[in-house]
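Look over the sequence and the model before reading on.

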Amino acid sequence: MLLVDKYIDQVAVVADQRQYASALVVPEFRLVEEWASDHGLHFASREELCQHPAVHEMLKERIDTLQQRLSGYEQIKRFTLIPHHFSMESGELTNTLKMKRSVISKNYKDVIDKMYE
């Protein structure tokens with residue numbers, strides 16, 4: 001559902017055995033970088049871009065808008081921006097480009113756990 005947004009490229013939703021749904025979001029970097037430049041935001045890397053509060057807030061507003069019709073338990077409560085794409089090389093995608101949730105959960109365990117603190 002979130003992938004219809006032009007600023008979002010990839011999403012891995014985390015909800016299994018958790019209190020609420022969260023997500024790892026890979027921005028559409030070209031468009032987010034353009035948006036950041038248009039709004040006078042300075043960043044030296046994609047890591048800095050993903051950590052910028054204004055970028056996070058912009059995407060939060062867009063995600064909240066997309067989820068308006070969902071029940072509360074279906075909505076993503078927290079998300080983290082990831083500064084690189086999920087890939088086959090890292091084992092996170094199959095050769096048909098489907099996400100391997102177990103690998104993503106393992107690779108981003110610390111990031112996921114932080115969303116539930």
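Phenylalanine 86 is buried (under 20% relative accessible area, with exposed over 50% and partly exposed in between; 1.4 Å probe, protein chains only), at a relative accessible area of 3%. This is a predicted model: local features need pLDDT of at least 70, side-chain atom pairs count only at pLDDT 80 or more, and totals for chains, interfaces and linings use all residues. Residues are numbered from 1 along each chain as its sequence is written, and side-chain values use heavy atoms, leaving out hydrogens and water.

**Aromatic pairs**
- Rings of Phe, Tyr and Trp (its six-membered ring) pair if their centres lie within 6.5 Å; planes under 30 degrees apart are stacked, over 60 edge-to-face, the rest tilted.
- The count comes to two aromatic pairs.
- Phenylalanine 86 and tyrosine 108 form an edge-to-face pair, 5.8 Å centre to centre with 85° between the planes.
- This pair links distant parts of the chain, 22 residues apart.
- Tyrosine 108 is also buried, at 7% relative accessibility.

**Charges over rings**
- A charge sits over a ring if NZ of Lys or CZ of Arg is within 6 Å of the ring centre and within 35 degrees of the ring normal.
- The charged end of arginine 18 sits over the ring of tyrosine 116, 4.6 Å from its centre.
- Arginine 46 lies over the face of phenylalanine 29, 4.2 Å from the ring centre.

**Helix H3**
- Helices (H or I, at least four residues) are DSSP runs, numbered from the N terminus.
- Val55, Met58, Leu59 and Ile63 are buried in H3.
- The buried residues of H3 fall within an arc of 130° seen down its axis, so they line one face; the arc uses directions from the helix axis to the C-beta atoms.

Terms used
Helix = DSSP H or I, 4+ residues; strand = E, 2+ residues; numbered from the N terminus.
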